[in-house]
Amino acid sequence: MSATTPSSPEKVNVGRRLFLGLTALGAAGVVFGADAQNFVGKTFGSGFAALLPGGDRFRIYSITGSYPSIKPKQFRLKVSGLVNQPATFTLADLQAMPSLDMVKTFQCVTGWRVPDVPWRGVPLSHLLKSAGIRPGAGAISFDSYDHADSESLTIEQAHLADVIVAYEMYRAPITREHGGPVRLLVPQMYGYKSLKWLSGIRVVDRVQPGYWELNGYPVNGWLDGTTGATNPHPQLS
Amino acid sequence: MTTISSRREPQQMVLRFDAVQRTAHWLNALGFLTLMFTGIPLYFGSFFGLIFARHTIQMVHLWTGIFLPLPLAVAMLGPWGRRMRSDWRRVSQWTRDELRWLRRVGRSPLAADKFNPGQKANAVFTVASILVLFVTGYILQWFRFFPVSWRGGATVTHDVFALLVFAAVAGHVLLAVTHWDSMRSMIGGSVQEKWVRHHASAWVTDDVLETHER
């Protein structure tokens with residue numbers, strides 16, 4: 001600045017401050033955002049948190065780009081494979097079986113989570129017990145009405161007490177977008193293991209990686225991030 | 001639109017945005033709009049999932065996001081980016097008067113620079129939000145390399161910044177279409193000299209006018 005322009009005002013680098021402030025906010029959001037979300041959910045309730053951007057809400061994924069439409073009356077669940085008594089169940093059959101109620105956090109592998117979701121369904125172990133698993137069985141494969149998704153669990157994983165064939169969510173029939181009328185729920189694993197629009201349970205000799213596993217997700221989707229003691233296919237994780 | 005008066009003498013025009021800046025702006029705008037329009041059905045998946053193929057939308061969103069910084073970066077870093085760089089310095093440097101003007105939402109006297117404080121703030125916000133959305137989007141797409149709490153945090157942050165972008169773009173577009181003289185300089189490049197005297201008087205006093213006859 002020359003002496004001929006004495007009025008030339010002092011400049012402040014507001015751009016840098018604003019830029020650094022915003023990016024610092026973004027970085028803090030990445031590192032502490034999940035905790036902040038938990039805090040908001042616990043303090044003001046999950047319903048309030050769900051109203052905020054990024055809050056406690058489901059993101060609906062579908063492989064096929066649409067949701068299968070299954071009328072409850074036409075729903076059938078086929079249990080087959082290495083079992084003594086293959087069977088096909090209606091929704092009413094499932095509802096007449098012993099059921100398990102539980103409230104669980106639904107955690108997606110991509111980061112979003114929905115706390116305190118009430119579920120009801122038949123323990124998978126009950127279905128397996130009544131079907132009678134034959135020797136040589138090592139895993140369970142699950143089929144979906146969308147004819148695209150598939151999942152699998154080892155026999156040990158399938159017998160976890162909280163793995164259920166769910167037909168109620170939030171104390172109402174499971175809606176179409178959430179995988180109704182019947183879906184698998186594996187609460188100790190990431191959401192992709194909880195196959196939607198369940199149509200078949202096949203007892204097989206070994207784990208067959210499902211749709212998401214073939215696209216790079218860990219076969220054992222434990223929430224704590226470990227591959228699990230019973231992991232037979234660690235190379236995919 | 002309202003210039004019926006001065007037909008007789010050639011108007012003195014002042015270059016406000018050169019071709020590099022205009023191209024970068026419109027490619028960037030195209031990228032933002034694509035990301036916004038694909039982001040809505042991805043966010044409200046439970047509703048739009050019935051109508052659109054999620055995977056296709058996801059891929060459009062992902063690839064647009066990957067290439068979004070390119071127009072601005074190329075315009076800024078190449079030998080052709082002299083004006084781009086000098087304008088970036090310009091939107092960074094603020095006077096005390098400009099800060100006061102922004103704090104009072106335009107209700108204080110100001111001899112405006114080439115850009116008024118609102119435009120300056122918008123430019124800085126745009127670049128910062130590109131960076132934040134790019135990084136959080138990267139975490140969401142390649143989540144395996146990051147702890148679960150970061151994935152959750154990236155989800156929240158991506159959503160919050162997207163909301164801010166929606167607000168900023170809405171305001172930007174609203175102001176653009178209601179200030180046609182300024183808007184026109186992002187299309188044709190120039191403003192009339194009397195526009196400069198009226199809206200950017202501080203710009204004229206400390207910058208060389210580059211004029212051409214029309």
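**View 1. Hairpin of strand 6 and strand 7 of chain A.** In this predicted model, His147(A) adopts a positive phi near 60° in the hairpin formed by strand 6 and strand 7 of chain A, with five residues between the strands. Strand 7 (residues 150-154) pairs with strand 6 in the antiparallel sense over five bridges (strands are DSSP runs of E, at least two residues, and helices runs of H or I, at least four, numbered from the N terminus; pairing requires at least two DSSP bridges). Ala139(A) lies opposite Thr154(A) of strand 7.

**View 2. Strand 6 and strand 11 of chain A.** Strand 6 (residues 139-144) is largely enclosed by the rest of the structure, because five of its six residues are buried (under 20% relative accessible area, 1.4 Å probe, protein chains only). Strand 11 (residues 198-204) runs antiparallel to strand 6 and is joined to it by six bridges. Ile140(A) faces Val203(A) in this pair.

**View 3. Strand pairing between the chains.** Strand 1 (residues 11-13) of chain A and strand 2 of chain B run antiparallel, joined by three bridges. Lys11(A) is opposite Thr95(B).

**View 4. Contact between chain B and chain A.** The contact (heavy atoms within 4.5 Å) takes 40 residues from chain A and 42 residues from chain B.

**Notes.** Residues are numbered from 1 along each chain as its sequence is written, and chains are lettered from A and ligands numbered from 1 in the order written. Local features need pLDDT of at least 70, side-chain atom pairs count only at pLDDT 80 or more, and totals for chains, interfaces and linings use all residues; side-chain values use heavy atoms, leaving out hydrogens and water.

Technical notes. Buried means under 20% relative accessible area, exposed over 50%, partly exposed in between (1.4 Å probe, protein chains only).
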